[in-house]
Amino acid sequence: MAGVTYGTIYAIVAIGFNIIYNATGIINFAQGEFVMLGGMTAVTLSRFVPLPVAILGAVVLTTIVGAVIEIVFIRWLHRPSVLRMVIITIGISILIREIALHVWGESVRSLPYFTGTSVTSIRLGGVYISPQVLWAVGVGAVAVALLSAFFNLTMLGRQMRACSANRDAARLCGINAGNMVTLSFMISAAIGAIGGCVVCPITYVHYDSGTPLAIKGFTVAILGGLGNSTAAVGAGMILGILESFSIWVLPAAYKEAISIAILLLILFVRPSGIFGSAEAARLKEF
Amino acid sequence: MARRYSMVAAFAGLVVAIQVATYLAGAPYHLTQLTMTAYYSLLIVGLCMLIGYAGQISLGHAGFFAIGGYVSAFLTTHDLAAHKGLRLVALLQKAGMLLERSDLYGGSHLVVHPWLACAAAVLLAVVIAYVVGGPVLKLRGHYLAMATLGFGIIIYRVALGTELLGAADGISEVPGFPLPFGLIISGNASVRVSNYYLAWGLVILGMVLLLNLIQSRVGRALSAVHGAEDAAGAIGIPTARYKLNTFVLSAAFASVAGVFLTHYNGGIGPSEASVMKSVRYVAIVAIGGMANLWGALLMSLVLNYLSLRGYFGTFDDAVFGVILILIMLFAPDGLLRRHILADLKRLASGGASDEEAA
């Protein structure tokens, strides 16, 4: 079941990538850092306040960080090139990681299990599952459902989609495109932080845990077709499960190398992803 | 032509001046970090060629550096005595390509000669660059950045996870690299000055090679590829081949740097392959002016030296992160670019300076 847990967090990171990609056409390499930041902040806050409040506080704080990043680094750039954005977001991720290192040190932290303890298990159709896995999967599913409702049903979500489809046209309709981009950073920071909190009891959190997540999340985003959040969930599960099975074949030390090799393979063979259409991919700007 | 070599001469003068200065100041130990800086600089000018002139980003060049360093370190330390029966080992021994070497405890090891190890290391790096570069360089933008980043992480993970390569400890006890005329590349304090000149001599050699390349037909073709890849292809430039060859060349530079620095340091660890190293190299190329070999070289000299001397303390990685962000926000074409004076004038006269290619 470890595969499913990891799969959930990969999917959540991938959805974060997709939201920002859809709104701006850029890949935010600091996406994994939101997950790390969410987990870390929740761990620290949980020492002073009850767990639910700590998680809420962590999500709010990370959301603010997301907004600040967009306003300080992205908003005022006029049609930046892709390469420039890649390097800036990599710089941001290094900065967040270094700040985390100086704030929290090098120790590995984790949150307590939301319900029960690490040995509690629930019998579900013949297999024993830790309740935390159910939490992770449940929260992931709710997040995807809420997001899709948001983008399809609410006015704000529709405005965001309008901006991603055609920024200039959206502007002419009176939509504040700049604010929509800020909002996309806030949403993806928020769901990154939520994901970081739910899986933290199982996967632990460390100042350096953001980068691997970002790369795997990207793998999943590509696997599902960049910009397609529903497919990202399926792709996340595939990667998580593949990765946990790879331990049977190769030493655990190579686990990460395997998932990146999968990424390279997809990029080489089918950059539009398994679920994406090749024709649509050709129209996008990479 | 004349200007090209006058810059080389000026730089050689600077190298000599620095050595004399450390001698006069009675601080020859600075030369150790300066020698290490030289090898990193070799990688950086190669990367500058790839990023600045061919316009292809690589976030995985520490990987090629590590391939060079690890292969050479492994071959020159791994005891082949147990495999004496193998035909290849016997053949190598007959050709004088194996060395008897005694370890700390007086035991005898049969290891590969550093020259052969170096050749094998660079060859492997070049082959890997060809194999990986083919499909990778077809990608653009995010995908290219992610793919090269991924490549770097795979190398890092393999180095970190393989027992044979010393896992987290890396490989130590790597012997010096013998050269003709009694010279040797090693970190021994008695050969510090000669090593300093050897290292910077190698960098200058690399620079001359690259400078000539830029002025040649290949260099002009590359700048056409950088400017507009489709247009370059339309006028008959084999863009894919030029990009790949530049990628392989820069990988070769990185692996040579890795080989020699490993022999100089007497060891290599997985941190040499880490993502942060690759990012740092890109940061130095960026601050040096992207398409400016001399700028990259000077920045590499200054920043690597400061970093190796520990001036940035625990903020070492953060410094390079901040440099990257600031450069990309305010001077996306690099800081020390050729037209910097003209740009300043334009800025002073209040003209728009925020134009850039999308």
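I shall go from the fold of chain A to its surface, and then to its aromatic side chains and those of chain B.

This is a predicted model, in which local features need pLDDT of at least 70 and side-chain atom pairs count only at pLDDT 80 or more, while totals for chains, interfaces and linings use all residues. Residues are numbered from 1 along each chain as its sequence is written, chains are lettered from A and ligands numbered from 1 in the order in which they are written, and side-chain values use heavy atoms, with hydrogens and water left out.

Let us begin with the fold. Chain A contains twelve helices and two strands; these are DSSP runs, numbered from the N terminus, with helices being H or I of at least four residues and strands being E of at least two. The order along the sequence is α-α-α-α-β-β-α-α-α-α-α-α-α-α. The C-alpha atoms occupy a box of roughly 55 × 45 × 35 Å along the principal axes. Among contacts in chain A with a separation of 6 or more, 74% join residues 24 or more positions apart, a contact being heavy atoms within 4.5 Å.

How much of chain A is buried? The figure is 53% of its 286 residues. Buried means under 20% relative accessible area, exposed over 50%, and partly exposed in between, with a 1.4 Å probe and protein chains only.

One backbone position deserves a remark. A:Tyr204 is not a glycine, yet has a positive phi of about 65 degrees. This residue sits in the loop between helix H8 (177-203) and helix H9 (210-223) of chain A, and is partly exposed, at a relative accessible area of 47%.

I turn now to the aromatic rings. Rings of Phe, Tyr and Trp (its six-membered ring) pair if their centres lie within 6.5 Å; planes under 30 degrees apart count as stacked, over 60 as edge-to-face and the rest as tilted. Over all chains, this rule gives 17 aromatic pairs. One of them is the edge-to-face pair of A:Phe17 and A:Phe218, at 5.8 Å centre to centre and 80 degrees between the planes. The pair links distant parts of the chain, 201 residues apart: A:Phe17 lies in helix H1 (residues 2-24) and A:Phe218 in helix H9. Both A:Phe17 and A:Phe218 are buried.

In chain B, B:Tyr196 and B:Tyr197 also form an edge-to-face pair, at 5.2 Å and 75 degrees. B:Tyr196 is buried, at 0% relative accessible area, whereas B:Tyr197 is partly exposed, at 30%. Finally, B:Tyr39, B:Trp115, B:Phe177, B:Phe260 and B:Tyr264 form one aromatic cluster.
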